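Subject: Structure for you to look at

Hello,

Here is the structure I said I would pass on. Please open it next to this email and follow along; my notes come after it.

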Amino acid sequence: MSEELKQLRDQIDAIDNELLQLVSKRAGLAQQVGKIKKSGIVYRPEREAQILARVQEQNPGPVSNEHIKQLFTEIMSLCRALEKPMSVAYLGPNGTFSEEAALKRFGSAITGMACDSIDDVFRMVESDAANYGVVPVENSSEGAIGRTMDLLLQTPLTICGEIQLPVHQFLMAQQTDLAHIHKIYSHPQSLAQCHHWLKTNLPHLPDSALINAASNADAARQAAADKQAAAIASHRAAELFELSICAENIEDDPKNTTRFLVIGKQTVAPSGKDKTSLVMTTNNRSGAIYTLLEPLAQHGVSMSRLESRPSRTGLWQYVFFVDLEGHQQNDNVAAAMTELRDKAAFLKILGSYPAA
């Protein structure tokens with residue numbers, strides 16, 4: 001070993017020791033914070049959003065901001081666990097994009113609770129069996145997740161955060177020869193998102209060979225038991241079921257992204273860059289939608305999403321889900337909400353939370 005290489009490695013060892021001491025010191029401070037807190041709430045979305053924004057802004061490189069964010073998410077996850085163990089419910093089984101979204105937001109120092117349905121995620125949080133839940137609400141190419149929206153209307157829970165997860169699809173099997181693949185399992189949305197790639201690269205497969213699965217993780221499980229089958233799922237699913245990657249990033253839209261919501265029982269304070277989600281209805285009359293949207297324009301509140309859903313209370317009756325830029329405590333948003341309450345037949349604020 002050259003003297004120069006030895007000196008560099010010695011410097012790295014010294015920095016590692018310093019990092020260890022600093023992480024331990026941070027964890028000790030987190031424990032002290034936990035003792036001082038009266039509420040027992042250890043997850044503060046607005047505080048963590050501010051920390052992640054600050055470290056990315058001050059990042060000198062060469063490590064990318066995305067990796068810096070992952071690093072500090074894990075550090076905060078470990079410190080949170082020292083204050084109080086945290087459980088997070090998500091749509092299972094393990095290996096789904098919902099699990100990946102939960103780990104992206106909360107880090108790995110949590111107790112993950114895989115649920116059989118979106119309904120079960122809501123029930124786990126409502127019954128205090130889980131501290132938080134992570135549910136998909138919309139996909140950039142396939143649109144809204146109707147069941148999540150319906151449950152948001154009914155639940156007493158609030159939205160505490162959002163997660164934007166780039167969805168990369170992987171073709172996996174027990175072997176990598178595409179000619180030996182005679183069937184493919186996947187969730188219907190994933191099959192739709194990879195339709196062009198499948199037709200181009202596996203033209204020998206009839207439509208009947210594309211088999212719907214309850215989830216992508218379940219698809220990987222079935223492929224692991226069938227030598228002639230493949231699955232479309234996440235990279236983590238391939239690892240969990242010990243499958244080989246035949247092709248990666250096979251989604252037709254490389255910008256394909258799923259938005260997830262964090263649901264819980266706490267009110268989130270402003271972080272400085274927030275969203276507010278609400279649902280409302282109007283009387284069935286001419287110009288009713290304009291009447292609802294007018295207060296937003298008058299008070300300079302930007303709307304990032306407007307989605308309608310059947311209200312299930314009458315024929316051709318609809319509820320409108322709206323995402324606004326800003327926190328409900330912001331003066332302009334609060335003023336718009338006051339006017340909306342007078343004009344809407346029904347209005348429910350689903351939550352204000354840091355924007356992803």
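Glutamate 142 is partly exposed, because its relative accessible area is 35%, which falls between the 20% and 50% cut-offs. The model is a predicted one, so please read every value here as computed from it. Glutamate 142 sits in the loop between strand S3 (132-139) and strand S4 (143-144). Not counting residues up to four places away in sequence, glutamate 142 touches Gln189, Ala192 and Gln193. Threonine 258 is 116 residues from glutamate 142 in sequence, yet the two C-alpha atoms are 9.2 Å apart in space.

Now the chain as a whole. Its secondary structure comes to 12 helices and 15 strands. The C-alpha atoms fill a box of roughly 75 × 60 × 35 Å along the principal axes. Of the 356 residues, 43% are buried. If you take contacts between residues at least 6 apart in sequence, 78% of them join residues at least 24 apart.

Helix H1 (residues 3-36) packs against helix H3 (residues 65-83) at an angle of about 45°, and their axes are 8 Å apart. That angle makes H1 oblique to H3. The crossing of the two is right-handed. On the H1 side the contact is made by Arg26, Ala27, Ala30, Gln31, Val33 and Gly34, and on the H3 side by Ile75, Met76, Cys79, Leu82 and Glu83. By class, this contact has seven nonpolar, two polar and two charged residues.

Helix H2 (residues 45-57) has 13 residues, which at 1.5 Å a residue should span 18 Å; the C-alpha atoms at its ends are 18 Å apart, so the two values agree. Which residues of H2 are buried? They are Pro45, Glu46, Glu48, Ile51, Leu52 and Val55. Their cover includes H1, H3, strand S5 (158-166) and strand S15 (346-354).

The axes of H11 and H12 come within 9 Å and cross at roughly 165°. H11 and H12 are therefore roughly antiparallel to each other. This crossing, too, is right-handed. Thr291, Leu292, Glu294, Pro295, Leu296 and Gln298 of H11 meet Ala336, Met337, Glu339, Leu340 and Lys343 of H12. Sorted by class, those residues are six nonpolar, two polar and three charged.

Proline 295, one of the H11 residues in that contact, counts as buried because its relative accessibility is 0%. Apart from neighbours within four places in sequence, proline 295 is in contact with Ala336, Glu339, Leu340 and Lys343. Proline 295 and serine 140 are 155 residues apart along the chain, and 28 Å separates their C-alpha atoms.

Serine 234 is in the loop between strand S9 (229-233) and helix H10 (235-240). Is serine 234 buried or exposed? Its relative accessibility is 2%, so serine 234 counts as buried. Leaving aside neighbours within four places in sequence, serine 234 is in contact with Gly95, Phe97, Glu100, His168, Phe170 and Met172. Lysine 199, in helix H8 (residues 195-201), counts as partly exposed because its relative accessibility is 40%. The C-alpha atoms of lysine 199 and serine 24 are separated by 53 Å, and the two residues are 175 apart along the chain.

Last, the backbone. Most peptide bonds are trans, and most residues other than glycine have a negative phi. Here are the exceptions I noted.

- The peptide bond from glycine 61 to proline 62 is cis, with omega near 5°; proline 62 is in the loop between H2 and H3.
- The peptide bond from glycine 92 to proline 93 is also cis, with omega near 0°; proline 93 is in the loop between strand S1 (87-91) and helix H4 (97-106).
- Glutamate 242 has a positive phi, near 55°. It lies in the loop between H10 and strand S10 (244-248) and is exposed, with a relative accessible area of 74%.
- Asparagine 249 has a positive phi of about 50°. It is in the loop between S10 and strand S11 (257-264), and at 40% relative accessibility it counts as partly exposed.

Regards

Methods
Residues are numbered from 1 along each chain as its sequence is written. This is a predicted model: local features need pLDDT of at least 70, side-chain atom pairs count only at pLDDT 80 or more; totals for chains, interfaces and linings use all residues. Side-chain values use heavy atoms; hydrogens and water are left out. Axes are lines fitted to C-alpha atoms, for helices over the stretch in contact, and angles run from 0 to 180 degrees between N-to-C directions. Helices (H or I, at least four residues) and strands (E, at least two) are DSSP runs, numbered from the N terminus. Angles under 35 degrees count as roughly parallel, over 145 as roughly antiparallel, 65 to 115 as roughly perpendicular and the rest as oblique. A crossing is left-handed if the near helix is turned anticlockwise from the far one by less than a right angle, and right-handed if clockwise. Contact means heavy atoms within 4.5 Å. Ala, Val, Leu, Ile, Met, Phe, Trp, Tyr, Cys and Pro count as nonpolar, Asp, Glu, Lys and Arg as charged, and the others, Gly among them, as polar. The expected span of a helix is 1.5 Å times one less than its number of residues. Buried means under 20% relative accessible area, exposed over 50%, partly exposed in between (1.4 Å probe, protein chains only).
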